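Please look over the sequence and the model shown here before reading on. The paragraphs that follow begin at the ligand and then turn to the fold and one of its strands.

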Amino acid sequence: MALSFSAKLMRGVSRCAALVTPKTAPTSCRYFSSAENSRVLVNLNDKTGVATMQLNRPPVNSLNLEVLTDMTIALDKLQTEKDCRGMILTSSSPGIFCAGLDIMEMYNPQEDRLREFWRTLQELWKMMYGSRLATIAAINGHSPAGGCLLSLTCDYRIMAQGKFTIGLNETLLGIVAPFWFQDTMVNTVGHRETERALQLGLLYSGENALKVGLIDELVSPEKVMETAEGQMQMWLKIPDFARQLTKEQLRGPTVQKLAQHQEADIDHFVNFITKKAIQKSLEMYLNMLKQKKK
Ligand SMILES: CCCCCCCCC/C=C/C(=O)SCCNC(=O)CCNC(=O)[C@H](O)C(C)(C)COP(=O)(O)OP(=O)(O)OC[C@H]1O[C@@H](n2cnc3c(N)ncnc32)[C@H](O)[C@@H]1OP(=O)(O)O
């Protein structure tokens, strides 16, 4: 029998909770998921109350169903830890924060898996955008499409200087960023900039992202984590309830909007992605990615 999303979450949480602390861990640091082959690496520093979640799916941290599920389970677990107050989201592969959704999930898909994939992304987005934790994205590399979306769900974004780009570039693939991707962008950079960025599929350099407010700071790659940790201390100086209620007031209506239209959004996504013309566009984009190497 297929398990409901929440049943799967519960099953995963108990599995996560049983993970052990490796011998090398500082005593104040609990590792929820530390095996080298884990798709997300999560640890919680009990002294500071700050968790770090690292995407760990080489080569480009693209988000498939399993990564999205693992992230959702890990975040749920962190949020139920009463001493956890903040989370830094980053990547274990400097140079690539996240290449966005795994295009292979959308190319020649099986409908059941495609539905589950989209529902899991919706759930993760709702949890991240409405998280009670203070969240900071330490964007240590490229961050297109779904990677940009993930960072936009955080409260603050710090990006590494260099040749890296960030943006909602869906139109370049011949697909369309759904309304809740758009809402997240509008809430961050405003309506006019979102109109321009999303229609053109703009991938911003760090400098341009900083100019339009898509990121909050641009620092040298080796300073990204330490800047994130410093910034987190400022967010944690604010009483949690006041910060959380303020966030809820500002972001709640956007989260509710998706919650109210979630099933229709899944149907719309499946209908759209399985169209012949869209499949063709995805095929061309995948070929273009492969050609780039030659
Ligand atoms: C109306 C509303 C309805 C709903 C409408 C539907 C809405 C859908 C919303 C979609 C959101 C998305 O996130 S769509 C995903 C958008 N993502 C992107 O455009 C990023 C594409 N990737 C890149 O640009 C680059 O890979 C980049 C991340 C910069 C890293 O460059 P590098 O040179 O380091 O690495 P590459 O050689 O390019 O990539 C290494 C390998 O990973 C693969 N790869 C790279 N990105 C990948 C990805 N996202 N998914 C799968 N595979 C990927 C490459 O093909 C290579 O495979 P091999 O050749 O086999 O080794």
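How do the residues of the shell around the ligand divide into nonpolar, polar and charged? There are 17 nonpolar, six polar and five charged residues; here Ala, Val, Leu, Ile, Met, Phe, Trp, Tyr, Cys and Pro count as nonpolar, Asp, Glu, Lys and Arg as charged, and the others, Gly among them, as polar. This is a predicted model, in which local features need pLDDT of at least 70 and side-chain atom pairs count only at pLDDT 80 or more, while totals for chains, interfaces and linings use all residues. Residues are numbered from 1 along each chain as its sequence is written.

The protein as a whole has 11 helices and 11 strands, which are DSSP runs numbered from the N terminus (helices: H or I, at least four residues; strands: E, at least two). Of its 294 residues, 41% are buried, a term that requires 20 or more other C-beta atoms within 10 Å of the residue's own, with C-beta atoms placed from the backbone.

Strand 8 (residues 156–160) deserves attention. Five of its five residues are buried, so the strand is largely enclosed by the rest of the structure. In a regular strand the side chains alternate between the two faces of the sheet. Accordingly, Y156, I158 and A160 point one way from strand 8, and R157 and M159 the other way.

Strand 8 also has neighbours in pairing, where two strands pair if DSSP finds at least two bridges between them. Strand 6 (residues 134–139) runs parallel to strand 8 and is joined to it by four bridges, with I139 opposite M159. Strand 11 (residues 217–219) is likewise parallel to strand 8, through three bridges, and its E217 is the bridge partner of I158.

Technical notes. A residue is buried if 20 or more other C-beta atoms lie within 10 Å of its own, exposed if 12 or fewer, and partly exposed in between; C-beta atoms are placed from the backbone.
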